[in-house]
Amino acid sequence: MKLTLWTYEGPPHVGAMRVATAMRGLHYVLHAPQGDTYADLLFTMIERRDHRPPVTYTTFQARDLGGDTATLFKIACQDAVTRFRPEALIVGASCTAELIQDNPAGLAESMNLGLPVIPLDLPSYQRKEGFGTDETFLQIVRHLAKPVARSAQITANLIGPTALGFRHRDDIIELTRLLADMGVAVNVVAPMSARPSDIARLGAAHFNVLMYPEHAESAARWLESHFQQPYTKTVPIGVGATHDFLAEVATITGLPLRADTTRLRLPWWTRSVDSTYLTGKRVFLFGDGTHVAAAARIAREEMGFEVAGLGCYNREMARPIRALAREYGVEALISDDYLEVEAAIAALQPELILGTQMERHIGKRLGIPCAVISAPVHVQDFPARYSPQMGWEGANVIFDTWVHPLVMGLEEHLLHMFRDDFEFHDEAGASHHGGQHVARSPVDEAAAAAAVDGGSMPPEAAPALGQTAQIIWLSDAENELKKIPFFVRGKARRNTEKYAETKGVSSISIETLYEAKAHYAR
């Protein structure tokens with residue numbers, strides 16, 4: 001463990017909370033000090049849930065460490081059962097409580113609470129949140145799933161969606177529609193919206209749809225081994241992957257492949273003249289392994305982008321992501337350190353970042369557009385509207401999400417180009433007001449400056465990383481630099497300064513700028 005300002009994953013007990021919060025009729029008793037209750041905010045504030053996570057904390061304090069903390073845990077268990085009346089209980093310890101070794105599993109089992117008690121062994125100092133979700137769901141399935149007869153109709157379980165997942169709620173709806181078009185009904189969705197009694201009838205399905213390998217692959221393998229249920233290997237994110245997924249379902253079930261693409265709007269645009277503006281744009285991808293792998297395929301095969309770099313933060317997915325990176329001719333970045341990710345992006349200078357909430361902040365600092373493709377995310381990526389990532393509608397949403405930062409970047413570039421025009425210069429006011437527009441007030445100017453300082457807008461002439469104080473830009477060169485789109489302006493500045501250093505030039509003029517451009521264009 002290390003001290004950091006931001007992290008891609010929490011400790012594994014947060015993963016267990018994601019599973020418990022997604023389910024109904026399940027309660028989590030967590031042996032943890034008072035400070036570890038911060039995790040509630042992740043669900044109520046960021047995900048905007050209308051209820052607290054079903055978690056009871058022992059909330060021991062420093063003065064309790066000299067006494068009997070085991071008794072505090074037993075009291076918390078009994079109180080949780082009496083108050084919430086769950087169908088099943090999961091018990092575990094946070095990273096802090098793990099140090100006092102009270103053995104929550106043994107304590108709960110000895111109490112004879114009259115309901116299934118599922119112990120969780122989540123090594124807080126070796127593993128992280130993703131492991132916590134996968135291991136917790138596996139233990140729930142192992143303890144509660146029972147052999148049952150197959151359903152008369154061909155059915156599937158959708159496994160993997162959890163609380164705090166990136167568009168998991170809407171992906172369930174989209175996959176249910178896709179399967180219905182194939183004549184396949186959904187037996188159980190789990191963990192999200194499932195009760196412990198639903199887990200008991202997982203075996204009735206003919207196969208499992210593994211939506212997110214990070215969260216449910218261990219459970220999928222266990223069900224395949226014990227209940228002879230095959231599971232899908234293709235994650236249907238993107239047009240090509242959705243077609244492959246439906247073909248895989250057809251192979252498993254023996255049903256004819258049916259793909260109703262009437263809702264799909266992406267292909268028409270890729271055949272249009274406008275799409276050539278994005279062809280060859282260099283993108284950097286980072287996030288969880290599932291979404292990065294899917295996004296890389298979409299970027300190259302469906303959008304015509306060039307994948308300049310990719311990586312993931314969850315080490316459980318390191319092997320497939322490294323293999324994918326070799327296929328794309330780049331080196332994979334496997335790291336949970338956001339500073340390493342920022343350094344990689346700054347070095348590559350892509351024209352678009354596809355990442356998490358942190359890459360959105362990195363993009364603001366570097367003046368590079370960013371679209372969010374993966375958890376962890378903030379409140380704006382838990383929309384009230386229907387906004388899946390999977391299936392045909394998911395392809396439409398991805399198209400909008402990825403293209404808009406680049407298209408709006410072009411619009412902003414045009415406004416910068418015409419900043420000295422009689423209609424668009426800074427003192428002209430808002431042009432959409434027509435003849436009624438007035439010059440911006442000093443207050444407005446101060447607000448714009450504050451936005452730049454705060455990082456919400458790319459600065460006009462941000463100093464390059466590692467820029468030396470000896471090099472100066474002449475005003476004519478500075479004005480010419482402003483004509484370059486802001487999302488590649490930083491790269492142009494850096495390349496020009498590097499060229500000037502190699503030539504021993506201390507003052508950059510227009511001639512130097514264009515000489516550098518010609519040099520790097522060779």
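**Figure 1. The salt bridge between Arg265 and Glu393.** In this predicted model, the side chains of Arg265 and Glu393 meet in a salt bridge, with 3.8 Å from N to O; a salt bridge is taken here as a side-chain nitrogen of Lys or Arg within 4 Å of a carboxyl oxygen of Asp or Glu. Arg265 lies in the loop between helix H9 (239-253) and helix H10 (266-270), whereas Glu393 belongs to helix H15, so the pair ties together parts that are 128 residues apart in sequence. Helices (H or I, at least four residues) and strands (E, at least two) are DSSP runs, numbered from the N terminus. Arg265 is partly exposed, with a relative accessible area of 49%, while Glu393 counts as buried at 17%; buried means under 20% relative accessible area, exposed over 50%, and partly exposed in between, for a 1.4 Å probe and protein chains only. Residues are numbered from 1 along each chain as its sequence is written, and side-chain values use heavy atoms, with hydrogens and water left out. Because the model is predicted, local features need pLDDT of at least 70 and side-chain atom pairs count only at pLDDT 80 or more, although totals for chains, interfaces and linings use all residues.

Figure 2. Asp381 forms a salt bridge with Arg167, in which the closest N and O atoms are 3.2 Å apart. The two residues come from distant parts of the chain, 214 residues apart, with Asp381 in the loop between strand E12 (370-372) and helix H15 (391-417), and Arg167 in the loop between strand E5 (155-159) and helix H6 (168-182). Both Asp381 and Arg167 are buried. A search of the whole structure finds 20 salt bridges.

**Figure 3. The salt bridge between Asp198 and Arg201.** The side chains of Asp198 and Arg201 also meet in a salt bridge, at 3.3 Å from N to O. Asp198 is buried, with a relative accessible area of 15%, whereas Arg201 counts as partly exposed at 34% relative accessibility.

**Figure 4. The crossing of helices H1 and H5, with the surroundings of Leu144.** The axes of helix H1 (residues 12-22) and helix H5 (residues 129-144) come within 6 Å and cross at roughly 50°, where axes are lines fitted to C-alpha atoms, for helices over the stretch in contact, and angles run from 0 to 180 degrees between N-to-C directions. That angle makes H1 oblique to H5; angles under 35 degrees count as roughly parallel, over 145 as roughly antiparallel, 65 to 115 as roughly perpendicular and the rest as oblique. H1 passes H5 in a right-handed crossing, a crossing being right-handed if the near helix is turned clockwise from the far one by less than a right angle, and left-handed if anticlockwise. The residues that meet include Pro12, Val14 and Gly15 in H1, and Glu129, Gly132 and Thr133 in H5, with contact defined as heavy atoms within 4.5 Å. Leu144 lies in helix H5 and counts as buried at 8% relative accessibility. Leaving out residues up to four places away in sequence, Leu144 touches Ala88, Pro116, Ile118, Pro196, Ile199 and Ala200. Leu144 and Pro196 are 52 residues apart in sequence and 6.8 Å apart in space, C-alpha to C-alpha.

Figure 5. H13 passes H14 in a right-handed crossing. Tyr338, Val341, Glu342, Ile345 and Ala346 in H13 meet Met358, Glu359, Ile362, Arg365 and Leu366 in H14. Glu342 counts as buried at 17% relative accessibility, and the C-alpha atoms of Glu342 and Leu366, 24 residues apart along the chain, are separated by 8.9 Å. Glu351, in the loop between H13 and strand E11 (352-355), is buried with a relative accessible area of 16%. Neighbours within four places in sequence aside, Glu351 is in contact with Gly280, Lys281, Arg282, Ile368, Pro369, Leu406 and Val488.
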